[in-house]
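The sequence and structure come first.

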Amino acid sequence: MLSGKLFWELWADRLFTLASWILGGLGLFLPVSIVGFLIYRGVQAISWSFLVDAPKGFPLGLEGGIRPAIEGSLALIALGLAIAVPFGVGGAIYLSEYGASSSWERMARFAAECLAAIPSIIYGLFGYSFLVVYMSLKISLVAGGITLGLLMFPLILIGAHEAMQAVDRAYRESALSLGVSRLYVARRIILTKAWPGIVAATVLAAGHAVGSAAPVLFTASVIFSRGGLDLTAPVMTLPTHLYYLVSEASSPEQTYGTAVILIIGLLLSNSVATLAKGWKQ
Amino acid sequence: MDGFVKTVNRAHVASIDAALETAHADTGYEDAASEAWGDTPHPSYPTQPEAVFQTIAIEAAYSERTVLKNISFHILDKSITAIMGPSGCGKSTLLRILNRTLELTPGARILSGKVLFRNQNIYSKGQDPRAIRKRIGLIYQRPVPFPMSILENVLFGVSFHGLPGDMPREEYARLYLKRVGLWEEVKDRLRESANKLSGGQQQRLCLARALANQPEVILMDEPCSSLDPAATRQIEELIAQLKRDYTIVVVTHNIAQARRISEFALFMFAGTLVESGPNEKIFHQPETPLARDFITGKIG
């Protein structure tokens, strides 16, 4: 026979196991149901022409496709990454491999974390007042690209710094004991070991940026463009197009279809990030 | 050290204390600690022009904890010197001071003293630590193959410093792989990852990588402690061969190994240098009771 205490401990254990299963199941159920719902409502709208045509009809977007929005979003992200990756990875190399004192490293890291926590609409406002108005870049691909670059920079810096810190100290000591420079060690060993983590952080940052409407709302986006990319001209983007479609409330299929494309893009990029993290040298 | 002292009996504690007292008294600890860096020789330590290394009253600390006290010794050219002592006595710290790699450890500092390498203080201003590390190689306890091919591992340091002459890269790597007896084992897979090698092979690869840098001195920090007996014997035989061309300093807590491979020995205890000299003296007529107890296996 079980003693009283052991009996209750056994039941407490079972209860805890059940609660974990329910909460864990909920965690899985929520994203699956959201994606499932979007696909259920939006799948009719998706066709080849939806991906390759410009929006048509009145109110705009009632018919036609979303090609200019896909193009615009991809161009903005490409431009943003071209800015954020060199600065983010470079900054991480500095902090991880050169950072003069650990207090300075902690301070810079704290600043980057604060920057990463700033709401995206604040980046939008900064981009509008500084880049669009003060620098006279107007509402354009270049202004939006720089704004998204600023948004992604701290995320990539933090992710790359973590990845580099995770590289065994013994590599640095052994390599530096051969009399080589820190940059040489960073280039030939640390980046080789840390790149899966850096790629994962970059893809997650890009996914976050491509889905944010706020930073591009006042810096890069227009309701309609025929497509074609010009650094000095505004573009359509997926999240802002979705925003207009929702506020017009004229075509639920087109709205859900756009959301599905955005979500599929994000799922793909998150999968790439997960794959990259598991990559082994 | 606290834990260790508790395990020995009172008589031993007394002998250890006595030995530490003598060590301090003999070397004038207080004087040396107040001395600033400089190239002028200390009056109580005449320079040894024939020595490769001469350390003068070194003190070192991790953060606030002093780990080395008043260490002075010299090492002769093309000799094998063993640094012995129980775990935590500061022998690895001392080894890292000899090629300016201690400063790579956060918080580690040298408080005072001098390290003369071929009669030049390697810690004086204007000395480039990278140039010193190239001339004085260091082999670690655990072999660390870099995440690249076997070939690139051997050439890692020398690719940075510049290959001498117009020798083809593979030819150069072959020279040093042969030197450590690894060539026959890896010649068909030079472009494969170095991680696939066994522990003993990895340690010999690390040795080839250090030798390819063309150093004058090789420091080894317990190079065999992570290896099996067969691999240990290979490394010990290599050390004996390398003595012809290099000055070698080996840290070990294995008395039998020190006796087998070295000609000179330093015995350290709790951050102080207790005794040093040729093997015949250290192993057969140790002066201090502490060294005698260590050699005979009573402590360690």
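In chain B of this predicted model, strand S3 (residues 80-84) and strand S8 (residues 247-251) run parallel and are joined by 4 bridges. Within this pair, Thr81(B) has Val249(B) of S8(B) opposite. Both strands belong to an open sheet of 6 strands in chain B, whose order is S6-S7-S8-S3-S9-S10 and whose pairing is mixed. Strand S6 (136-139) and strand S10 (272-278) of chain B are at the edges; each has a single partner strand, so one side of each lacks a neighbour in the sheet. From one strand to the next the twist averages 15 degrees.

Chain B also holds an open sheet of 4 strands, in the order S2-S1-S4-S5, with antiparallel pairing. Here S2 and strand S5 (120-121) of chain B take the edge positions with a single partner strand each, so one side of each is left without a neighbour in the sheet. The pairs of this sheet are set out below, each with one residue and its partner.

| Strand pair (chain B) | Bridges | Residue and partner |
|---|---|---|
| S1 (residues 51-62) and S2 (residues 65-76) | 8 bridges | Phe53(B) and Ile75(B) |
| S1 and S4 (residues 108-117) | 8 bridges | Gln54(B) and Leu116(B) |

Tyr62(B) stands opposite Arg65(B) of S2(B).

Taken as a whole, chain B has 13 helices and 10 strands. Of its 300 residues, 43% are buried. Among contacts in chain B with a separation of 6 or more, 69% are between residues 24 or more positions apart.

Chain B also touches chain A. The contact draws 21 residues from chain B and 17 residues from chain A. On the chain B side, helix H5 (129-135), helix H6 (150-161) and helix H9 (199-212) each contribute at least two residues. By type, the residues on the side of chain B that touches chain A are 11 nonpolar, 5 polar and 5 charged.

The remaining points concern helix packing in chain A. Two packed helices are described by the angle between their axes and the distance between the axes. For helix H6 (residues 141-165) and helix H8 (residues 182-210) of chain A, the angle is about 150 degrees and the axes are 8 Å apart. Roughly antiparallel is the term for angles over 145 degrees, and H6(A) is therefore roughly antiparallel to H8(A). The crossing of H6(A) and H8(A) is right-handed. On H6(A) the contact includes Leu148(A), Leu151(A), Met152(A), Leu155(A) and Glu162(A), and on H8(A) it includes Ile190(A), Ala194(A), Gly197(A), Ile198(A) and His208(A). The residues in the contact of H6(A) with H8(A) comprise 16 nonpolar, 4 polar and 1 charged.

How is helix H10 (residues 238-248) of chain A placed, and which of its residues are buried? The buried residues in H10(A) are Leu238(A), Pro239(A), Thr240(A), His241(A), Leu242(A), Tyr244(A) and Leu245(A). These buried residues pack against helix H3 (67-98), helix H9 (214-217) and helix H11 (252-278) of chain A. Just after H10(A) comes Ala249(A), with a positive phi of about 55 degrees.

The packing of H10(A) against H11(A) has an angle of about 160 degrees, with the axes 9 Å apart. H10(A) and H11(A) are therefore roughly antiparallel to each other, and their crossing is left-handed. H10(A) contributes Leu238(A), Pro239(A), His241(A), Leu242(A), Leu245(A) and Val246(A) to the contact, while H11(A) contributes Gln254(A), Thr255(A), Thr258(A), Ala259(A), Ile261(A) and Leu262(A). The residues of this contact between H10(A) and H11(A) are 8 nonpolar and 4 polar, with no charged residue.

How values were computed:
Residues numbered from 1 in each chain as written. Chains lettered and ligands numbered in written order. Predicted model: local features only at pLDDT ≥ 70, side-chain atom pairs only at ≥ 80, totals over all residues. Contact = placed C-beta atoms within 7 Å. Nonpolar A, V, L, I, M, F, W, Y, C, P; charged D, E, K, R; others polar. Axes fitted to C-alpha atoms, helices over the stretch in contact; angles between N-to-C directions. Parallel < 35°, antiparallel > 145°, perpendicular 65-115°, else oblique. Left-handed = near helix turned anticlockwise from the far one by under 90°. Pairing = 2+ DSSP bridges. Buried ≥ 20, exposed ≤ 12 C-beta atoms within 10 Å, placed from the backbone.
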